[in-house]
Amino acid sequence: MIDSRLHVTDIFFTFGLFLLFVVLTLMLVIMGYTTYRDIDGDMTENYGLRTSLLYLSEKARQAYGLELATVDGGDALVFSEEYAGIAYETWIFVSGGELREVTVLPDTAVKPGDGQVIMDLAALSLALEGRILTIEAAESGGKVYREKLYLGAAL
């Protein structure tokens, strides 16, 4: 005859096994969330840096006249253009952790808060050697992307 009474050890074993399953499941969910958060942060950071470099590269390739200047002690790209017989300058620079663009008449003083915010960017470093433009973009966490761009006949 089979004893139908539950033993205390059977109850504790079943409850312990269930508790172990719950704890391991929670640990797995927490680890997955942490991994997702890290990957998402890296993707957002890389997107911002790559997009800023792509933006600056395309602007430089399309420019008729290009020169380097400074705004608030930081590097700036200055593109000269003419529309309807009027000369304009487009300045692209970093101010307050933001990549900014402003279009002004020549010889207009550009201030750090001027222009439209394009995207977040911690720092921008530019160098022009002959027809090669070197662009370094840095995000707030310290990651830096560098690109060298041959301007060809654009200058």
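Start by selecting Arg 100: this residue is buried, because its relative accessible area is 12% and buried means under 20% (exposed is over 50%, partly exposed in between, with a 1.4 Å probe and protein chains only). Before moving on, note that this is a predicted model, where local features need pLDDT of at least 70, side-chain atom pairs count only at pLDDT 80 or more, and totals for chains, interfaces and linings use all residues. Residues are numbered from 1 along each chain as its sequence is written, and side-chain values use heavy atoms, with hydrogens and water left out.

**Stop 1: the partner of Arg 100**

Glu 98 and Arg 100 form a salt bridge, with their closest N and O atoms 3.1 Å apart. The term means a side-chain nitrogen of Lys or Arg within 4 Å of a carboxyl oxygen of Asp or Glu. Glu 98 is partly exposed, at 23% relative accessible area. By this rule there are four salt bridges.

**Stop 2: a bridge across two strands**

Select Arg 146 and Glu 136. Their closest N and O atoms are 2.6 Å apart, in another salt bridge. Arg 146 lies in strand β8 (residues 144-150) and Glu 136 in strand β7 (residues 132-138), so the pair ties together parts ten residues apart in sequence. Strands (E, at least two residues) and helices (H or I, at least four) are DSSP runs, numbered from the N terminus. Arg 146 is exposed, at 56%. Glu 136 is partly exposed, at 24%.

**Stop 3**

Leu 126 stands opposite Ile 135 in β7. Now go to Gly 130. In this hairpin, which has two residues between the strands, Gly 130 takes a positive phi near 65°.

**Stop 4: the five-stranded sheet**

Colour β1 to β5. They form an open sheet in the order β1-β2-β3-β4-β5, with antiparallel pairing. At the edges are β1 (65-71) and β5 (116-120), each pairing on one side only. Neighbouring strands here are turned by 25° against each other on average, direction ignored. The axes are lines fitted to C-alpha atoms, for helices over the stretch in contact, and angles run from 0 to 180 degrees between N-to-C directions. Zoom in on strand β4 (residues 98-104): four bridges join β4 to β5. Glu 101 stands opposite Gln 116 in β5.

**Stop 5: helix α1**

Select residues 8-62, helix α1. Pick Glu 58 and Arg 61, whose side chains meet in a salt bridge (3.1 Å, N to O). Both lie in α1, three residues apart, about one turn of the helix. Glu 58 is partly exposed at 34%, and Arg 61 is partly exposed at 44%.

Next, show Phe 13, Phe 15, Leu 17, Leu 19, Leu 20, Val 23, Leu 24 and Met 27. They make a nonpolar surface patch of about 810 Å². Leu 19, also in α1, is partly exposed at 44% relative accessibility.

**Stop 6: the core**

Which residues have the most contacts inside the largest nonpolar core? Select Ala 60, Leu 77, Phe 79, Leu 99, Leu 124, Leu 133 and Ile 135; the core has 21 residues. At least two residues each come from α1, β2 (74-83), β3 (86-95), β6, β7 and β8. The largest share, four residues, comes from α1. A nonpolar core is a set of buried Ala, Val, Leu, Ile, Met, Phe, Trp, Tyr and Cys residues joined through side-chain atoms within 4.5 Å.

Notes
Patch = residues over 30% accessible without salt bridge, like charges linked within 9 Å, V, L, I, M, F, W, Y side chains within 5 Å. Areas by Shrake-Rupley, 256 points an atom, 1.4 Å probe, with all protein chains shown as cover. Pairing = 2+ DSSP bridges.
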